[in-house]
Amino acid sequence: MPIYCPSDTCNLVNRNNISNFALRYQYFLESEHDRGKVKFLLNASQLGGSQGAIGPLIDRQTNQLNYLAGDYQVFCGFYEVDWRLVVGLGSEHVQETNMMFDHVYGIPYLPGSAFKGVVRSWVIQEDFGNDERLAMRDIGHGDPADLREKKSNFFAVLGSQKSVGKVKFLSAYPTDNVTLSVDIMNPHFPGYYTGSQLPTDTQNPIPINFLTLQQTPFRFVLLSKKQELIDLAADWTDKALKNKGLGAKTASGYGYFRSQYNVPRNLRPDANFQVPTRIRPQQLPQISLDEAFQQFNNSGGAELNPQLIDTTSLKNRASQLAQVATRDDFIELSQLEGIHPTLIETAENEATVSDFGVWIWESLKTELLSSRILELPRLIYAIDFRQKLKNLPPDELVDVQEELIVISNQLEMSNGEVQSIAIAKHFRYTSDTNQGTFTFWEYIN
């Protein structure tokens, strides 16, 4: 394969000898020719030599923090990516999607500015009603006591235009093996997004691959001379990482964390402290959809345990599976791109659900609908509505999403007659008759 780099460099470079993953990802991607065009390939199998840099880097940072602990109070919180995470998605890259890597060590990291930014955004949202001007305004004599206290804490920790914040937010690095995964965005209306066409079904989806981090642990570090500010910032950090999310596509479930543990406050060696063992739930041996399909055909589904099926690809295509599995009519095949062929039966350019697809949906829909919020055709979710869905308990989220699937299907089959759609009483929405869409603003419990 050709290497796309300056000609005087090309002869000196052997891609297979590049151990720095950031260098490989930014400048030496593998490529192939597809219908006369160069197509760059993403390989998320491993970090290669960069994986070995994680341990020494964390040890060196720990030594530095132990040195600083003589003058600073230190908070170290260990959090793990709850599902997937992507930071730096919009920065320049030949793939048009990117990820933030440390260019020296070649490992993904979360810049301190991004860490501080998400905490700041969380505080503005929770304490100031998402009003940044209110948060940044000087404290007034007429302000209520609780507002004065909130603003005083905000300025002390995060700073203002007149003062520097008294808490330092360090860049967060992985503490264990990094798990990379390739995900896909599949815009169905490319002409609409470029402003040249209406969002019609005649347009071809253009899949866009991008790298994500999956269930990777990070260490978040705060420094301050005052312990009370560290405690306050640590509480904000915990809530922001769990409820606000960090990085891109948080509205789709990316960027949320779950806490693992915190180290002792002073960070100095403590004979009584032991790092908790990282324990994952015991995984059942899983089989692919092809293997499950064969067993289903052989046994009629009676002996097949749905818990044994690898649901990774199903979760990535849950919206398409929901569409085809809950409709009686045929769907254009172009709308089901990426869905596993065993789940559908095709006829020319159309498809309907197969018997195996029906069994898969009925057996696994609770798991699929409770794990993420689906993006359904003709439905638009406002930020507040999406946040309300995220906060629902899993069983209620399943019920609500089943109803949304029905609404989406009815809209798809209504040929624009949106007035004929029956909407549940616990949704507040607005409709666009011309586009045949609903925008959901609130879920009323």
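In the hairpin of strands E15 and E16, 4 residues lie between the strands, and Gly436 takes a positive phi near 65°. E15 (residues 427–432) and E16 (residues 437–443) run antiparallel and are joined by 6 bridges; strands count as paired if DSSP finds at least two bridges between them. The bridge partner of Asp432 is Thr437 in E16.

This is a predicted model, in which local features need pLDDT of at least 70, side-chain atom pairs count only at pLDDT 80 or more, and totals for chains, interfaces and linings use all residues. Residues are numbered from 1 along each chain as its sequence is written, and side-chain values use heavy atoms, with hydrogens and water left out.

**Confidence**
- The mean pLDDT (the predictor's confidence in each residue, from 0 to 100) of the protein is 83, and 85% of its residues reach 70 or more.
- Where pLDDT is low, the predicted coordinates should not be read in detail.

**Helix packing**
- Helices H9 (residues 289–299) and H12 (residues 355–371) pack at an angle of about 110°, with their axes 11 Å apart.
- H9 is therefore roughly perpendicular to H12, a term that covers angles of 65 to 115 degrees.
- Leu289, Ala292, Phe293 and Phe296 of H9 make the contact with Asp355, Phe356, Trp359 and Ile360 of H12, where contact means heavy atoms within 4.5 Å.
- The residues of this contact divide into 7 nonpolar, no polar and 1 charged.

**Strand E7**
- Ser181 lies in strand E7 (residues 180–185).
- The C-alpha atoms of Ser181 and Leu211, 30 residues apart along the chain, are separated by 5.8 Å.

Technical notes: Axes fitted to C-alpha atoms, helices over the stretch in contact; angles between N-to-C directions. Helix = DSSP H or I, 4+ residues; strand = E, 2+ residues; numbered from the N terminus. Parallel < 35°, antiparallel > 145°, perpendicular 65-115°, else oblique. Nonpolar A, V, L, I, M, F, W, Y, C, P; charged D, E, K, R; others polar.
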